[in-house]
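Colleague: I am new to this structure and would like to learn how to read its features. Could we go through them one at a time?

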Amino acid sequence: MYRFRRLRRDDRIRSIMQETRLHPKDFIYPIFVIEGENIKNPVESMPGIFQYSIDRLEEILEQVKETGIGGIMLFGIPLHKDPQGSQAYAKDGITQQAVRFIKEKYPDIYIVVDICLCEYTSHGHCGMVKGEEILNDETLPYLVKMAVSLAEAGADMAAPSDMMDGRVAAIREGLDQAGFTQMPIMAYSAKFASAYYGPFRDAAHSAPGFGDRKSYQMDFANGQEALREIAADIEEGADIVMVKPALAYLDVLKEAALTFDEPLAVYNVSGEYAMVKAAAANGWIDEKRIVMENLTAMKRAGAKIIITYHALDAARWI
Ligand code: PBG
Ligand code: ZN
């Protein structure tokens, strides 16, 4: 009989044997920035998460600094929406302003920007719309404009989440031509059409006005196709590839880790956060232990980067 329990006898030997360890730098924390002044709106379905106006951002940026997490990911919420999502690439758009503010006041914070139009379009889709159709190639120039304008504002990394075909290549080319050859792209590569995004769409005011996102986001039944999406994004020049959501897709993440050498990110999404917070609020689970178990599982499955609303709490619990 092999005595596995010899190496589990007490905390000292258990901690020596631990294969996967979380570090605050593993985490990227999503932040919602809303137009206006003196705003800190709680997101009802995401306890502990708020929409901040720029003049109230410091409160949360101080915590980002203090916990030493890897970085932040910005989601802008504009007042004005139109069919072309023009505030996504306006020079003084809400996200551009937020990036400039953070770059100036907190130059040490690493800023990832989500590249997608759904928060900015009046129809709430991630691309240009004709009738009921979400157009692919017509959308690409707008995504490129958004990425370049946020690079000009000072963003450190671009993370396209729209799921249009060919967007990574288009954004890479656009960034290079504008002189941003050193800006990395983290592609939301295997992004599934998921009910787990529900709370986010309340937080970011980005629910589609008609239909759903199934013609561009992936069918959650498809694991093979996820690997092809990831391969295509690597081919197009993605520096980091992502699987999203996390928990119901750890098989995809693991498979990707075994298949590709490129760094992997995983997005622990809003619905996953909401479920943990709701059960914890009822006293049905131990929040701290559940969060650490979930995040460790994501890293164990192969994630180098974990984008999570638990980032600040988890960094303090490590
Ligand atoms: C924008 C975007 C979404 C999320 C990240 N970027 C929403 C969506 O695709 O509908 C979801 C994040 C979350 O649920 O936490 N396309
Ligand atoms: Zn979108």
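Colleague: Which residues line the largest pocket, and how should I read such a lining?

Modeller: Rolling a probe the size of a water molecule over the atoms shows where empty space is left. On a 1 Å grid over the protein atoms alone, a pocket is an open set of points with protein on both sides within 12 Å along at least five of seven lines, a cavity is a set of points where a 1.4 Å probe fits but cannot get out, and lining residues have an atom within 4 Å of a point. Here the largest pocket is lined by R14, M17, Q18, E19, T20, R21, L22, M292, T296, R300 and I318, and about 330 Å³ of space lies in it, a volume being the space filled by probe spheres set on grid points that are joined across faces, edges and corners. This is a predicted model, in which local features need pLDDT of at least 70 and side-chain atom pairs count only at pLDDT 80 or more, while totals for chains, interfaces and linings use all residues. Residues are numbered from 1 along each chain as its sequence is written, chains are lettered from A and ligands numbered from 1 in the order in which they are written, and side-chain values use heavy atoms, with hydrogens and water left out.

Colleague: Which element gives the most to that lining?

Modeller: Helix α10 (287-301) does, with 3 residues, and both α1 (11-17) and α10 supply at least two; helices (H or I, at least four residues) and strands (E, at least two) are DSSP runs, numbered from the N terminus. By class, the pocket lining holds 4 nonpolar, 3 polar and 4 charged residues, where Ala, Val, Leu, Ile, Met, Phe, Trp, Tyr, Cys and Pro count as nonpolar, Asp, Glu, Lys and Arg as charged, and the others, Gly among them, as polar.

Colleague: How many cavities of 30 Å³ or more are there?

Modeller: The count comes to 3, and the largest cavity has a volume of about 160 Å³. Of the 20 residues that line the largest cavity, C118, K191, Y197, F200 and K244 lie nearest its centre.

Colleague: How many salt bridges does the structure hold?

Modeller: Side chains of opposite charge can pair when their charged atoms come close. The structure holds 12 salt bridges, each being a side-chain nitrogen of Lys or Arg within 4 Å of a carboxyl oxygen of Asp or Glu. In one of them, D26 pairs with K299, with the closest N and O atoms 2.8 Å apart. Because D26 lies in the loop between α1 and β1 (27-34) and K299 in helix α10, this pair ties together parts that are 273 residues apart in sequence.

Colleague: Is K299 buried, partly exposed or exposed?

Modeller: K299 is partly exposed, at a relative accessible area of 23%, whereas D26 is buried, at 7%; buried means under 20% relative accessible area, exposed over 50%, and partly exposed in between (1.4 Å probe, protein chains only). Another salt bridge joins D162 and R167 (3.4 Å, N to O), and here D162 is buried at 0% and R167 is buried at 2%. D162, R167 and D233 are linked in a network of salt bridges.

Colleague: Why is strand β11 largely enclosed by the rest of the structure?

Modeller: Strand β11 (residues 264-268) is largely enclosed because 5 of its 5 residues are buried. L264, V266 and N268 cover one side, with A265 and Y267 on the other.
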